[in-house]
Amino acid sequence: MRKNRKYSPEFKISCIIDMREHHLSYSETARKYLCEKGQESIFKNTLKLWERIFLEEGEAGFYIERRGRTRKMDNPNKGRPKKLDKQVKQDLIAENQQLKERIEQLEMENEYLKKLDALVRKRLQNQKKK
């Protein structure tokens, strides 16, 4: 059974640099640094991850703790949105109510104008007939 191990950033850097300088495969590097022959497949993905971190972030990427849950300040877009305080919530409700009233007013004006337009057209048609 394999135990979870935590490798130091210096060890990870040395593995990746050696692998890239000597053009070693993941299996060869795993056999050299991490395990015995026959167990390389277990560590290939670990080495791939380390290489991706090295190529994307450089050596500094190995000093970042990546285990566990991400903190809110690391990624503010994750998780449940914060609750609004009472005053902001009341302001939004009041604004929403005002907008609804304005919509009702505009709908009534629109209906009035449609009826007026229909009356005007009807009068014009009556005048043309005479």
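## The largest pocket

In this predicted model, the largest pocket is lined by 24 residues, with Arg5, Lys6, Tyr7, Lys12 and Trp50 nearest its centre. A pocket is an open set of points on a 1 Å grid over the protein atoms alone, with protein on both sides within 12 Å along at least five of seven lines, and lining residues have an atom within 4 Å of a point. Helix H3 (40-57) and helix H1 (9-21) each supply at least two lining residues, and H3 gives the most, with 6. Helices are DSSP runs (H or I, at least four residues), numbered from the N terminus.

## Aromatic pairs

The structure holds 5 aromatic pairs, that is, rings of Phe, Tyr and Trp (its six-membered ring) with centres within 6.5 Å; planes under 30 degrees apart count as stacked, over 60 as edge-to-face and the rest as tilted. Tyr7 and Phe11 are stacked because their ring centres lie 5.2 Å apart and their planes meet at 20 degrees. Phe11 also forms an edge-to-face pair with Trp50, at 6.3 Å centre to centre and 85 degrees between the planes. Phe11 lies in H1 and Trp50 in H3, so this pair ties together parts 39 residues apart in sequence.

Tyr7, Phe11, Tyr33 and Trp50 form one aromatic cluster.

## Burial

Trp50 is buried at 5% relative accessibility, and Tyr7 is buried at 17%. Phe11, at 23%, is partly exposed. Buried means under 20% relative accessible area, exposed over 50%, and partly exposed in between (1.4 Å probe, protein chains only).

## Basis of the values

Residues are numbered from 1 along each chain as its sequence is written, and side-chain values use heavy atoms, without hydrogens or water. Local features need pLDDT of at least 70 and side-chain atom pairs count only at pLDDT 80 or more, whereas totals for chains, interfaces and linings use all residues.

Note on methods:
1 Å grid on protein atoms, 1.4 Å probe; cavity = no way out; pocket = protein on both sides within 12 Å on 5 of 7 lines; lining within 4 Å.
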